[in-house]
Amino acid sequence: MASTEPWLLENGNVRCLTMEIKHVHVRTAHNMPSSSSSSSSSSSSSPLRKKSDLTLVSKVRRGLLRNILVNLQEVLLGTKLAILFLAIPFAVAAECKNFGRPWVFALSLLGLTPLAERVSFLTEQIAFYTGPTVGGLLNATCGNATELIISIFALIHQKVDVVKYSLLGSILSNLLLVLGTSLFCGGIANLGKEQKFDRKQVDVNVLLLLLGLLCHVLPLMLRYAGNASELTGTETLALSRASCIVMLIAYISYLVFQLCSHRTLFEASQDDEGDSDMVSDESAVIGSWSAFVWLVLMTGVIALLSEYVVGTIEAASDSWGLSVSFISVILLPIVGNAAEHAGAVIFAFKNKLDISLGVALGSATQISMFVIPLSIIVAWITGINMNLDFNLLETSCLALSIIVTAFTLQDGTSHYLKGLVLLLCYLVIGACFFIFRTPNNHADSVNISFRSSNERIMRV
């Protein structure tokens, strides 16, 4: 029987952690069954985390200098994505020297990839000191920090379309690309085994995704149900803001459901394959204050690069010949979430679908039920009219993706064909947004209807 440690909560999902996945950096739903590896302690590390060799650092006699070097090595060099940190100074230099806006965009995207992974690592380090409740809530808050910061800066620049497209792309990417790749690779790697997963967490996440979909569909239907000439936008905006409050209440209830009232329903179950009790002993590798300072610094750099991304996305679109919708829906989520995507696939290879499902569904749920309504409320506070009407094409893609995912996971088993179907769905949606080059048509039609309505009122 695998020994369990206090649970953490990421993406709003909670589960008992075995030593094996204590340092999984991906934003996984830590509420899935898992078991310890039967072999060695090497499996205890994160798929993208690199074990640091502190031999040279330990020879430094000065305690303060040694602690600084340990922090630098653990935080900056403790990931297999460390090479991408070099993109950050190049992005800053390109911005300062006006080298080229598309270059600034590309370098900023590359720089955001390791930062997102390190933020998750740092929140886990803080959780060792704060306990499960505070650490879990911190992980839930920072789970999709990159997407939230990009959305805030896009709102500051009055780019509501970019916010909607990027958040929609994050949901589609997690439901179709991440989950599809995980199921496909896991099925290919485990052809001789029947892959199963616990449906309890899947059902809860799908239920919340359907609630979020309802909140997206109603403003759209309201626009089509009424007389377009009488549309003022006030009704849709009011409904969207009320729906966002409902979504946040549902998300908070979801946290309470898993953290308190029904925690026993989601405690880790044990594999029936006779796992060994030999597990590695994991502990914090940096101090609590050091982790907090690094977290603040990383968040600041993410904010800087996010501003670069938002400010240069149109230039990149014109230079590369790609629409803003395609860049926001497809490229931003793929590059920004590359670390967690890789982690989900690696665990699927190891036939640990519960963890892979936690990555995909947990992140999609948090984006849908927390990041999107929070972005609209922030826009409301700042006087920006952003609603839940994501237009017909975007809402249809979201609805069909959720429905396909729900049917794929309904029986609690998996094989490579299910993953292939999800990947093909994502490919078709990507092709659709590749040729969709009029992201502002909806806003223009609404403005035209506003003007026509006002003209009629003036004539009367």
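User: Is Phe434 buried or exposed, or partly exposed?
Analyst: Phe434 is partly exposed at 37% relative accessibility; buried means under 20% relative accessible area, exposed over 50%, and partly exposed in between, with a 1.4 Å probe and protein chains only. This is a predicted model, where local features need pLDDT of at least 70, side-chain atom pairs count only at pLDDT 80 or more, and totals for chains, interfaces and linings use all residues. Residues are numbered from 1 along each chain as its sequence is written, and side-chain values use heavy atoms, leaving out hydrogens and water.

User: How many aromatic pairs are there?
Analyst: Nine. Rings of Phe, Tyr and Trp (its six-membered ring) pair if their centres lie within 6.5 Å; planes under 30 degrees apart count as stacked, over 60 as edge-to-face, the rest as tilted. One of the pairs is Tyr251 with Tyr254, tilted, with 6.2 Å centre to centre and 55° between the planes.

User: Where do those two sit?
Analyst: In helix α8 (residues 234–261), three residues apart, so about one helical turn separates them. Helices are DSSP runs (H or I, at least four residues), numbered from the N terminus. Tyr251 is buried at 4%, and Tyr254 is buried at 4%.

User: Back to Phe434. What is the geometry of its pair with Phe326?
Analyst: Edge-to-face, 5.4 Å centre to centre, 80° between the planes. Phe326 lies in helix α10 (residues 324–336) and Phe434 in helix α14 (residues 416–435), 108 residues apart, so the pair links distant parts of the chain. Phe326 is buried, at 13% relative accessible area.

User: Which residues do ring pairs link into a cluster?
Analyst: Tyr165, Phe433 and Phe436.
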